[in-house]
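This note sets out points on the structure for a colleague who is meeting it for the first time. Please read the points alongside the sequence and the model.

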Amino acid sequence: MTDTLCVKTYSAPKFNTEDILRYAGVRGDGTEFDKILRECLDEARDVFTYRVCFREFPLVFESDRINLGFVKTPSADLRKNLSGCASVTIFAATVGLGIDRLTARYSSLSPVRALFFQAIGAERIESLCDAFNGELSASKSALGRGTRPRFSPGYGDLPLGLQKDILRVLDCQRKLGLSLNESLMMSPSKSVTAIVGVT
């Protein structure tokens, strides 16, 4: 990992059906949904693109703000998360628009399938973030350093509006096709921006 802007494409992480059922709000073992889940997975499997854009910045703790290298924030919750860190890795991840299109297509045809496609998308973006975080942690560990859990805009007192700064500094519109609307919702919707502290 370097301080230059990097973009990486990942192969598909293994699907976690337990997480998909949880995101869909299914209680119990979900056996009665096995058939529909299998069919939705078969239809969705090839619509994803797994891409992450990231960059590392030096971290400076000022008296009333945290200087992340590209923006300053007074967030006390982020300060706590980054305690003991010397730098941060900022990243944006997306699994593409394909799952949004599938969900929209089925929203009137089959609300149940639309719900499952939504849940599959949620599981896919979390799995992608986990894959990136695992790789980042391993690369830093090899250098005798550590990482903190990722912290996203909207967590605690960290303003959701910080997403604008992250998308700007990572050039997400060009690199990932990732944009924000006026309500600060991302498109593609199954996307994440986050800050990872590096000790």
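Does Glu 126 count as buried, partly exposed or exposed, and what is its relative accessibility? Glu 126 counts as partly exposed, at 27% relative accessibility; buried means under 20% relative accessible area, exposed means over 50%, and partly exposed lies in between, with a 1.4 Å probe and protein chains only.

The model is predicted: local features need pLDDT of at least 70, side-chain atom pairs count only at pLDDT 80 or more, and totals for chains, interfaces and linings use all residues. Residues are numbered from 1 along each chain as its sequence is written, and side-chain values use heavy atoms, with hydrogens and water left out.

1. The partner of Glu 126. Arg 150 forms a salt bridge with Glu 126, and their closest N and O atoms are 2.8 Å apart. A salt bridge is a side-chain nitrogen of Lys or Arg within 4 Å of a carboxyl oxygen of Asp or Glu. Glu 126 lies in helix α5 and Arg 150 in the loop between α5 and α6, so the pair ties together parts that are 24 residues apart in sequence. Arg 150 is buried, with a relative accessible area of 18%. Helices (H or I, at least four residues) and strands (E, at least two) are DSSP runs, numbered from the N terminus.

2. Other salt bridges. The count comes to 16 salt bridges. In one of them, Asp 171 is paired with Arg 174, the closest N and O atoms being 2.8 Å apart. Asp 171 is partly exposed at 22%, and Arg 174 is exposed at 65%. Salt bridges that share partners also join Glu 62, Asp 64, Arg 65 and Lys 72 into one network. A further salt bridge links Arg 45 and Asp 42, with 3.8 Å between the closest N and O atoms. Here Arg 45 is partly exposed, with a relative accessible area of 39%, and Asp 42 is exposed, with 53%.

3. The loop between α5 and α6. Ser 152 is found in this loop, between α5 (111–141) and α6 (162–169). Ser 152 is buried, with a relative accessible area of 8%. A polar atom of the Ser 152 side chain lies 2.7 Å from the backbone oxygen of Thr 193. Neighbours within four places in sequence aside, Ser 152 is in contact (heavy atoms within 4.5 Å) with Leu 158, Val 192, Thr 193 and Ala 194.

4. Helix α2. Ala 44 belongs to helix α2, which covers residues 34–44. Ala 44 is buried, with a relative accessible area of 0%. Not counting residues up to four places away in sequence, Ala 44 touches Ile 99, Leu 102, Phe 117 and Ile 120. Ala 44 and Ile 99 are 55 residues apart in sequence, yet 6.9 Å apart in space from C-alpha to C-alpha.

5. Nonpolar cores. A nonpolar core is a set of buried Ala, Val, Leu, Ile, Met, Phe, Trp, Tyr and Cys residues joined through side-chain atoms within 4.5 Å. The largest such core has 35 residues, and those with the most contacts inside it include Phe 48, Phe 117, Ile 120 and Leu 128. Among the elements that give two or more residues to this core are β1 (6–10), α2, α4 (98–109) and β9 (191–198). Helix α5 gives the most, with ten residues. Leu 128 touches residues including Tyr 10, Tyr 50, Val 52 and Ala 93, not counting those up to four places away in sequence.

6. An open sheet. Three strands form an open sheet in the order β3-β4-β5, with antiparallel pairing; two strands pair if DSSP finds at least two bridges between them. The edge strands β3 (60–61) and β5 (72–73) each pair on one side only. Two bridges join β3 to β4 (residues 66–67), and Phe 61 stands opposite Ile 66 in β4.

7. Cysteines. The count of disulfides (pairs of cysteine sulfur atoms within 2.5 Å) comes to zero. For Cys 85, the nearest cysteine sulfur is that of Cys 129, 18 Å away. Cys 85 is buried at 7%. The sulfur of Cys 129 is 12 Å from the closest cysteine sulfur, in Cys 172, which is too far for a bond. Cys 129 counts as buried, at 0% relative accessibility.

Key:
A polar contact is a pair of N or O atoms within 3.5 Å; within protein, one must be able to donate a hydrogen and the other to accept it, and residues adjacent in sequence count only if both atoms are side-chain atoms.
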